[in-house]
Amino acid sequence: MKTHAKPVPVGLYIAALLTLLFLFAYSVSFGQGQLVMKGTILYSEDTELIPNAEIIAGDGAHMPLAIRPNGKFWVCAPTNEVYTFRFTQIGSVTKEVVVDARQACTGSECNDRKVEFDVILHGMDGDEAMRFEGPVGRIVLGDPATKPQVTHHYELLRVSSLMALE
């Protein structure tokens, strides 16, 4: 008696492998918790230059932040970390905003969190270059049941041409 076995298509093996990889990645990322940070950059419409932005992780890693033509941005990152957003534009004072999510996890469980903020870039007035003393905003996420703690600090300093690099 002859039996005719049909070969299994290679594409079926690939699809099964990709499905298993997706399920594994989903289960691993589910326990970490994700932090979604989004907002809008408001800037002078007198210039055609779109502002630049970058996000700096607690370990010092820099990543450019994509800004849409309408000024909106968003990024998704793991919780339990500190992130610094730096917003720059030619002719404007650079601003930084810090999002501290180190206390966002309760025990060993991290839930997804969302933070939304807007940044206004102001043009420099006069001939003197200015910079902010530090981050203009700090957002600290605590227990998921509580509201984030938000602080602002807008102290401007003159930038000297003889200023030493930090």
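Colleague: Start with the hairpin of S2 and S3: which residue takes a positive phi?
Modeller: Gly60, with phi near 95°. The hairpin has four residues between the strands. Strands here are DSSP runs of E with at least two residues, helices are runs of H or I with at least four, and both are numbered from the N terminus.

Colleague: Before we go on, what kind of model is this?
Modeller: This is a predicted model, in which local features need pLDDT of at least 70, side-chain atom pairs count only at pLDDT 80 or more, and totals for chains, interfaces and linings use all residues. Residues are numbered from 1 along each chain as its sequence is written, and side-chain values use heavy atoms, with hydrogens and water left out.

Colleague: What does the protein chain average in pLDDT?
Modeller: The average is 81, and 73% of the residues score at least 70. pLDDT is the predictor's confidence in each residue, from 0 to 100.

Colleague: And which element has the lowest mean?
Modeller: Helix H1, residues 10-30, with a mean pLDDT of 58. The highest is S6, at 96.

Colleague: What does S2 do with S5?
Modeller: S2, residues 52-57, pairs with S5 in the antiparallel sense over six bridges. Asn52 has Thr88 of S5 as its bridge partner.

Colleague: Which sheet is that, and in what order do the strands come?
Modeller: An open sheet of six strands, ordered S3-S2-S5-S6-S9-S10, with mixed pairing. S3 (62-64) and S10 (149-152) are at the edges with a single partner strand each, so one side of each has no neighbour in the sheet. From one strand to the next the twist averages 15°; the angles are taken between axes fitted to C-alpha atoms, on a scale from 0 to 180 degrees between N-to-C directions.

Colleague: How do S5 and S6 run, parallel or antiparallel?
Modeller: Antiparallel, joined by six bridges, with S6 covering residues 95-100. Phe87 stands opposite Lys95 in S6.

Colleague: What about the sheet with three strands, what is its order?
Modeller: S4-S1-S7, an open sheet with mixed pairing. S4 (72-78) and S7 form its edges, each with a single partner strand, so one side of each lacks a neighbour in the sheet. S1, residues 34-42, runs parallel to S7, with eight bridges. Gly39 has Phe117 as its bridge partner in S7.

Colleague: Now the rings. How many aromatic pairs are there?
Modeller: Six in the whole structure. A pair has ring centres within 6.5 Å, counting Phe, Tyr and the six-membered ring of Trp; planes under 30 degrees apart are stacked, over 60 edge-to-face, and the rest tilted.

Colleague: Why is Phe85 with Phe87 called stacked?
Modeller: Their planes are at 5°, with the centres 6.2 Å apart, so the pair counts as stacked. Phe87 is buried at a relative accessible area of 0% (buried means under 20%, exposed over 50%, partly exposed in between, with a 1.4 Å probe and protein chains only). Phe85 is also buried, at 0%.

Colleague: And Phe85 with Phe117, how far apart are the centres?
Modeller: 5.4 Å, with the planes at 75°, so that pair is edge-to-face. It links distant parts of the chain: Phe85 is in S5 (residues 82-88) and Phe117 in S7 (residues 113-120), 32 residues apart.

Colleague: Which residues make up the ring cluster?
Modeller: Phe73, Phe85, Phe87 and Phe117, linked by ring pairs.

Note on methods: Two strands pair if DSSP finds at least two bridges between them.
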